[in-house]
Amino acid sequence: MEPGSLGCMGDVWGLMERRRGGTGGLYLLLLCWLLATLTAAQAPDASSSSSGIGSFVEFSFSQEPQDSVTVRGGVLQLDCQAQSDAGAGPPLLTWRKDGVMLSAVVDERRQQLANGSLLVQNIVHSRHHRPDEGEYQCLATLEGLGTIVSRTAKVTVAGPLKVVIPTESVSSYLGDTALLRCEVSGDPTPIIRWQKNREDLALTFDPDSRLAVLPSGSLQVSRIQPPDSATYRCLADNPGSTRTGMDAELRVLPEPGVSRNLQFLQRPSRVTALLGTDAVLECSASGYPTPGIQWRRGEEMIQSWNKKYSLLVGSNLIIQSVTDDDSGSYSCTAANKNHNITAHTELSVQGKEK
Ligand SMILES: *[C@@H]1O[C@H](CO)[C@@H](O)[C@H](O)[C@H]1NC(C)=O
Ligand SMILES: *[C@@H]1O[C@H](CO)[C@@H](O)[C@H](O)[C@H]1NC(C)=O
């Protein structure tokens, strides 16, 4: 459909709404029908609808409010601009949220700027009071002609990011494994990235890499080498905010070569994965002699490393493209020639939500 007739429908709709189908609406409807007939007659050159009587339908939005994510205590700004060459002066812009005109709801945090933009300060968002989240629309009215309604802009307020487990400094022996933790909760769930000496760590997924960020947010460093000795910190991002973790040191100690008890740095926890996605079962251990990691599916040792199963930085099990058959119990064993320790977990696979 070409823009002229869209604008016209908007006008009729707006007018009908305001006048409840009064004579003005009917008159406009007739005008629109006339215009449509005219435009059809001039086809295929659709652009000609802007001439003559078309000046009336050149009433459209040049800018419409966009979807946005904001944070509690923050600021929300929605922009809107409409133009018309009807010579009736600039259109009057108003706003509505979830179908309710904002002019009808007094709130001093909210103001409309001279150019029509809507500004909401000090965004409020609690479990039971969410006055600012919702669907916003801008309305442009030309006196005597009608009202057009903009697209719907979805406004979400992101929950604050909370550090659940802050990163602590660790000392590890050369050749061993270290885990730097970073657990941050929030809604939407934040994405964790890491910095080494305040510079972004570019992590690759090749099988030989020793460093990886795990789904839990932890940074695992395997087969520790002297250059790993540095300051690390994590950054948690969601669309609403960024949270920077504390600096933590990874100190690298020379390996004294004396037997050290095996211990899990991370035991595998229950994982629920969506059908068709990749699941990662986390497991890492430290000790001397440096332990190897074995995985079992039920009682059966996973021995073939292929498309289905692979290891992330030598210890975390990646199961590609999970199916119902992959549900069940798994265990992770850390073993050296003297000892072994085992931890069990469950993987459940959920069907895709329709
Ligand atoms: C209206 O003014 C505000 C504040 O000066 C500005 O940020 C915004 O972009 C303007 N809106 C439009 C549609 O130009
Ligand atoms: C673990 O240790 C037990 C003895 O404590 C031994 O029987 C078993 O074979 C070991 N398993 C592995 C995988 O090394």
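Colleague: Which residue in strand 19 is the bridge partner of Leu180?

Modeller: In this predicted model, where local features need pLDDT of at least 70, side-chain atom pairs count only at pLDDT 80 or more, and totals for chains, interfaces and linings use all residues, the partner is Leu219. Residues are numbered from 1 along each chain as its sequence is written, while chains are lettered from A and ligands numbered from 1 in the order in which they are written.

Colleague: How do you know that strand 14 and strand 19 are joined as a pair?

Modeller: Strands (DSSP runs of E, at least two residues, numbered from the N terminus) pair if DSSP finds at least two bridges between them. Three bridges join strand 14 to strand 19, so the two strands pair. They run antiparallel and belong to an open sheet of three strands in the order 14-19-18.

Colleague: Why are strand 14 and strand 18 called edge strands?

Modeller: Each of them pairs on one side only.

Colleague: What makes the largest set of 25 residues a nonpolar core?

Modeller: Such a core consists of buried Ala, Val, Leu, Ile, Met, Phe, Trp, Tyr and Cys residues joined through C-beta atoms within 7 Å; buried requires 20 or more other C-beta atoms within 10 Å of a residue's own. Leu180, Leu219 and Leu250 are among the members that touch the most others, and strands 14 and 19 each give two or more residues.

Colleague: Which residues does Leu250 contact beyond four places in sequence?

Modeller: Contact means C-beta atoms, placed from the backbone, within 7 Å. The partners of Leu250 include Ala178, Leu180 and Val221.

Methods. A residue is buried if 20 or more other C-beta atoms lie within 10 Å of its own, exposed if 12 or fewer, and partly exposed in between; C-beta atoms are placed from the backbone. Helices (H or I, at least four residues) and strands (E, at least two) are DSSP runs, numbered from the N terminus. Two residues are in contact if their C-beta atoms, placed from the backbone, lie within 7 Å.
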